[in-house]
Amino acid sequence: MSAARRFIATTDMTTRTHDVTVLGAGIGGLACAIACRLRGLSVELIEQAPALTEVGAGIQIAPNGGRVLDALGVRPRFLNSSAVHLIDGPTGRSVIGMPVGSGFRMVHRADLIAALAARATALDIPVHLNNKIMSVAGEGGTLITKGGETRLVTRLIGADGAHGVTRAFVAPDHKPTFTGQVAWRAVVPVDNWPREAQVHMGPGRHLVCYPLRDGRSLNIVAVEERSEWTVASWSQTDDPENLRQAFAGYAAPVRDLLARVEEVHLWGLMDHGVTPNWTRGRCTLIGDAAHPTLPFLAQGANLALEGAWTLAQRLDDPERWDKLRRPRVTRALAAAGANARNYHLSGAKRRVGHLALRVLDRFAPGLPLLGYRWLYDADVTV
Ligand SMILES: Cc1cc2nc3c(=O)[nH]c(=O)nc-3n(C[C@H](O)[C@H](O)[C@H](O)COP(=O)(O)OP(=O)(O)OC[C@H]3O[C@@H](n4cnc5c(N)ncnc54)[C@H](O)[C@@H]3O)c2cc1C
């Protein structure tokens, strides 16, 4: 039985029994609970799901997030990535293969959650499963449960994601806007796929893929620009034919991959921006609750890990934590937005941009990633 399944669903949550209550047992919430426990605080987790699981998809952990996992003592099964390889989608021609050095890991989400859950179990952190919180009140110290009961907490960490109740409580007027992009995700079987993340770029759309686990499955995220809005949910399925149609103009390797897709999920990408304030009363937001991140830099979970660790060190002064952390998060979100535009270039801009990258590929393939050293080299655990 996996560690994630060893948790027992409890409904006997009593009042102000812990120093810290974390709402949401996703990547950010589990990491923050562990970090608080390692600081000697008593901590509990509340999660709406009946079991700690994740969707069947991958996630890239960059060195900045990996350092937090190391400090937490969490070691999920992963593959090391050797490069980020940019490819022109319609022709299939390589544009640049940027070596990433060590510390870039490709992980199955379920494996990451299982490793975090196993660590939480080892640290005796209680997880109240099957407990959906309907709202937060009373300056952030009061939770209203699905059964209508009121539960008081000493300090609340809102790790319940972009659509959670803590975000609604802390920043009720902050509404997302549609980015004009939708994304599909799928996993397909492969043989001997290179241990690298590939980005197949083209006008108005791009496709990212990388191998998982033993390298025999490939995680795919495909993005297309659209004018209409689609539901922002991870669980909406779509006809794989729609995905194949969207990339019908791409070269054979991508079309062959997409021919293998049997199940696909589709959702609209929303721009939430950084929530203007992360604390209200006893409640402080982390992860997607504080700053949902577009997937074009693969940093949402990495930033959630950083936030989880740093907030645990600064729980006595969350306003100060917010002030110190906000510039880095804002910069990362802006960098993610810029990537989407660069992947989707068309016409002369695309030709010139790809030519410049091909020149770099010959003489200095590592150069473009040097521009992200501020992001990847940071070690928030020291
Ligand atoms: C297509 C895609 C690809 C991505 N790829 C990457 C990547 O490669 N690298 C990366 O770093 N990031 C990536 N991200 C971003 C990353 O997935 C998120 O930033 C990260 O999962 C956020 O974690 P979180 O813990 O803050 O929130 P969530 O994962 O949303 O967890 C929230 C938890 O709270 C629970 N919850 C919610 N409401 C309630 C309630 N009312 N009561 C009780 N429990 C509740 C939920 O059930 C859930 O368990 C990607 C995102 C997308 C969309």
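This is a predicted model: local features need pLDDT of at least 70, side-chain atom pairs count only at pLDDT 80 or more; totals for chains, interfaces and linings use all residues.
Strand 13 (residues 177–189) contains Thr177. This residue is partly exposed, because its relative accessibility is 48%. Apart from neighbours within four places in sequence, Thr177 contacts Leu269, Met270 and Asp271. Leu333 is 156 residues from Thr177 in sequence, and the two C-alpha atoms are 15 Å apart in space.

Thr142 is part of strand 10 (residues 142–145). With a relative accessible area of 13%, Thr142 is buried. When residues up to four places away in sequence are not counted, Thr142 touches Ser135, Val136, Ala137, Thr150, Arg151 and Leu152.

**Salt bridges**

The whole structure holds 14 salt bridges.

| Pair | N to O distance |
|---|---|
| Arg151 and Glu44 | 2.2 Å |
| Glu224 and Arg226 | 3.0 Å |
| Glu241 and Arg244 | 3.2 Å |

Arg151, one of the residues touched by Thr142, forms its salt bridge with Glu44. This pair links distant parts of the chain, with Arg151 in strand 11 (residues 150–152) and Glu44 in strand 2 (residues 43–46), 107 residues apart. Arg151 is buried at a relative accessible area of 3%, and Glu44 is buried at 2% relative accessibility.

In the second pair, Glu224 is buried at 12% relative accessibility, whereas Arg226 is partly exposed at 22%.

Glu241 and Arg244 both belong to helix 5 (residues 240–246), where they are 3 residues apart, about one turn of the helix. Glu241 is partly exposed, with a relative accessible area of 38%, and Arg244 is partly exposed, with 23%.

Methods:
Residues are numbered from 1 along each chain as its sequence is written. Side-chain values use heavy atoms; hydrogens and water are left out. Helices (H or I, at least four residues) and strands (E, at least two) are DSSP runs, numbered from the N terminus. Buried means under 20% relative accessible area, exposed over 50%, partly exposed in between (1.4 Å probe, protein chains only). Contact means heavy atoms within 4.5 Å. A salt bridge is a side-chain nitrogen of Lys or Arg within 4 Å of a carboxyl oxygen of Asp or Glu.
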